[in-house]
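Please work through each task before reading its solution.

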Amino acid sequence: ERLQLRTIIYIGNEDLPEQLMNFIADHGIVLETLGKDDSRSPWKSVSEDVVVASLDLILDVANHPLYIMCNLGRHSTGTVVGCLRKM
């Protein structure tokens, strides 16, 4: 609540917990889901299309403040943030 998030970028193909979905709805946060139709294992590399789409969302200041997350919290998120840092 204190962060006043405007956008959450979720990179994953699993459904989010109902409690989180309720929090998102209650606070008017926009949920951008990427990689949902990807049947890959969460341990596989994130696709270039998902990275590019994520970076487009991150670089658009209209989405700030934002939060980036994935189902494991390290591989997909880390890949996107690593690419962002290289820009």
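**Exercise 1.** Is Val30 buried, exposed or partly exposed?

*Solution.* The model is a predicted one. Step one: locate the residue; Val30 lies in strand β2. Step two: apply the cut-offs, under 20% for buried and over 50% for exposed. The relative accessible area of Val30 is 39%, so Val30 is partly exposed. Step three: list the contacts. Residues up to four places away in sequence being set aside, Val30 touches Arg6, Thr7 and Ile8.

**Exercise 2.** Determine on which side of α2 its buried residues lie, and what they pack against.

*Solution.* Step one: consider the geometry of the helix. α2 has 12 residues, and the distance from its first C-alpha to its last is 16 Å, close to the 16 Å expected at 1.5 Å a residue. Step two: identify the buried residues, which are Val50, Val51, Ser54, Leu55, Leu57 and Ile58. Because they cover an arc of only 160° around the axis, they are on the same side of α2. Step three: examine the face turned away from the buried side, where the exposed residues Glu48, Asp49 and Asp56 are carried. Step four: name the partners; the buried residues of α2 pack against β1, β2, β3 and α3.

**Exercise 3.** Describe how the buried residues of α3 are arranged and covered.

*Solution.* Helix α3 spans residues 75-85, and its buried residues are Ser76, Thr77 and Val80. Viewed down the axis of α3, these residues fall within an arc of 100°, so they line one face of the helix. Their cover includes β1, α2 and β3.

**Exercise 4.** Which elements each supply at least two residues of the largest nonpolar core?

*Solution.* Step one: define the set. The largest nonpolar core has 12 residues in all, among them Ile9, Leu34, Val46, Cys70 and Val80. Step two: assign contributions. β1, α2 and β3 each supply at least two residues, and the largest share, five residues, comes from α2. Step three: look beyond this core; a second, separate core of seven residues includes Leu5, Ile8, Tyr10 and Met69.

**Exercise 5.** Is Asn63 buried or exposed?

*Solution.* Asn63 is placed in the loop between α2 and β3. Its relative accessibility is 12%, so Asn63 counts as buried. Neighbours within four places in sequence left aside, Asn63 is in contact with Arg6, Thr7 and Leu57.

Technical notes. Residues numbered from 1 in each chain as written. Predicted model: local features only at pLDDT ≥ 70, side-chain atom pairs only at ≥ 80, totals over all residues. Heavy atoms only, no water. Core = buried A, V, L, I, M, F, W, Y, C linked by side-chain atoms within 4.5 Å. Buried < 20%, exposed > 50% of the residue type's maximum accessible area, 1.4 Å probe, protein only. Helix = DSSP H or I, 4+ residues; strand = E, 2+ residues; numbered from the N terminus. Arc of directions from axis to C-beta. Contact = heavy atoms within 4.5 Å. Expected span 1.5 Å × (residues − 1).
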